[in-house]
Amino acid sequence: MTASLPVPVVWSQDCLRHDPGGEVWLGVKDAGTEVPERALVIRDALAAAGAPEVPAAAHGDEVLQAVHDPALLGHLAGVWAEWEQAGFPAEWGRDRVVPYVFPTEGMLGGLPGRLPPAVHGRAGRFCYDTMTLVGPGSWAAIRGAADVALTAADLVSAGAQLAYALCRPPGHHVTGSAYGGSCYLNNAAIAAQALVAAGAGRVAVLDIDAHHGNGTQSIFYSRGDVFYGSVHVDPGAGWFPHYVGYADERGAGPGEGANLNLPLPPGTGDEGWLTAIRDLCAAAAAHRPGAVVISLGLDAAEADPESPLRVTEAGYREAGRLTAALAPTVLVQEGGYHLPTLGPLVIAALTGAAEAVTG
Ligand SMILES: [Zn+2]
């Protein structure tokens, strides 16, 4: 009999209530891969591995407001009710909130952008793509995922070496003021901010999701107290988020040097991925973090439909071992979409993390 996986798993049943109902990609609505079953298969696998489950505790909005524009929080909390009230589901067959116009710099051309009262106009001010749909249960899940991240951060602030936040929906694409990329609030940034607020000193966020965490980078880009480092598929090779995530983005002002992007070519497997993660860990260690947040995306795995990276379970185990060795660590669930392998992948990463702290 093997020992139980000694990592507390923070969970909220509310995380299942978000049903995006698909995504509009390049103008066509597809089934989408960010489905509630993702969280269920991970939860079941961790329970079978003997990991203890901790229910998420309700938290106030203070930390959320420290990383997000309160207007974004208000919009997300109320947009479904407004959408329904405006008659879009019943009268127009629009059963999810999807924006159709976006106040980009190109549209405004230097003119002042107003905040339109009509919800179908305003939606594009807070959501920057067409893939990130909102339905009736979305806000409960979004807020629940933030409580999961905050509860995991509490465990580490209280002395735990490791805690895993089973957040759904994921979060690392959310900036201070807008959501996208199947993410709504930035759970990893919320965890990092909570650790700072609890006195961790400096914090390092290490993002090993297959995609660059543009949201987390932007939130901390001008801050020296939170290092952000990411290993991801090269956005210049045709992958989301396309516009940012390049190696020459190193931070600004007090955050100069506290941002590190290590983009990898499509097809990169364990060797190249782990070499980049070792470099990331060395840079994070130089920042002398008192706590670490890992944005744990499982979509760098070979079988994942959302990325061309080819990482194995053994690769994830080693990544867990390398990253969690730096300081007490909160692991926050991000992407990962191949349902049959999500459980084994998360167990591999958490097993590696547990090995790092037990020696
Ligand atoms: Zn991803």
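Author: What follows is a quick tour of a predicted model.

Reader: Start with the metal. Which residues coordinate the zinc ion?

Author: Asp209 (OD), His211 (ND1) and Asp299 (OD) coordinate the zinc ion, at 2.0 to 2.1 Å.

Reader: How are the donor residues spaced in sequence?

Author: The spacing is D-x1-H-x87-D. His211 sits in the loop between β6 (203–207) and α9 (214–220), and Asp299 in the loop between β9 (291–296) and α11 (313–324). The pair therefore ties together parts that are 88 residues apart in sequence.

Reader: Are His211 and Asp299 buried or exposed?

Author: His211 is buried, and Asp299 is buried too.

Reader: On to Thr216. Where is it?

Author: Thr216 is in helix α9. Its relative accessible area is 0%, so Thr216 counts as buried, the cut-off being under 20%.

Reader: What does the side chain of Thr216 make a polar contact with?

Author: The side chain of Asn186, at 3.0 Å. Beyond residues up to four places away in sequence, Thr216 touches His172, Val174, Asn186, Val205 and Tyr228.

Reader: Now the largest nonpolar core. How many residues, and which touch the most other members?

Author: The core has 102 residues. Leu46, Tyr164, Tyr179, Trp273, Val293, Leu296 and Tyr316 touch the most other members. Helix α7 (residues 138–157) gives the most to this core, with 9 residues.

Reader: Take Tyr164. What is it in contact with, leaving aside neighbours within four places in sequence?

Author: Among them are Val7, Pro8, Val9 and Val10, then Ile42 and Leu46. Leu296, Leu331, Gln333, Val346 and Leu350 are also in contact with Tyr164.

Reader: How many aromatic pairs in the whole structure?

Author: The search finds 3. One of them is Trp273 with Tyr316, a tilted pair. The centres are 4.9 Å apart, with 55° between the planes.

Reader: Where do Trp273 and Tyr316 sit in the chain?

Author: Trp273 is in helix α10 (residues 270–286) and Tyr316 in helix α11. They are 43 residues apart, so the pair links distant parts of the chain. Both residues are buried.

Reader: Last topic, strands. How many residues of β8 are buried?

Author: Strand β8 (residues 259–264) has 5 of its 6 residues buried.

Reader: And how does β7 join β8?

Author: Strand β7 (residues 226–233) runs parallel to β8, and 6 bridges join them. Ser230 stands opposite Asn261 in β8.

Definitions and conventions
Residues are numbered from 1 along each chain as its sequence is written. This is a predicted model: local features need pLDDT of at least 70, side-chain atom pairs count only at pLDDT 80 or more; totals for chains, interfaces and linings use all residues. Side-chain values use heavy atoms; hydrogens and water are left out. Donors are N, O and S atoms within 2.8 Å of the metal (3.2 Å for Na, K and Ca); water is not among the atoms, so sites may look incomplete. Helices (H or I, at least four residues) and strands (E, at least two) are DSSP runs, numbered from the N terminus. Buried means under 20% relative accessible area, exposed over 50%, partly exposed in between (1.4 Å probe, protein chains only). A polar contact is a pair of N or O atoms within 3.5 Å; within protein, one must be able to donate a hydrogen and the other to accept it, and residues adjacent in sequence count only if both atoms are side-chain atoms. Contact means heavy atoms within 4.5 Å. A nonpolar core is a set of buried Ala, Val, Leu, Ile, Met, Phe, Trp, Tyr and Cys residues joined through side-chain atoms within 4.5 Å. Two strands pair if DSSP finds at least two bridges between them. Rings of Phe, Tyr and Trp (its six-membered ring) pair if their centres lie within 6.5 Å; planes under 30 degrees apart count as stacked, over 60 as edge-to-face and the rest as tilted.
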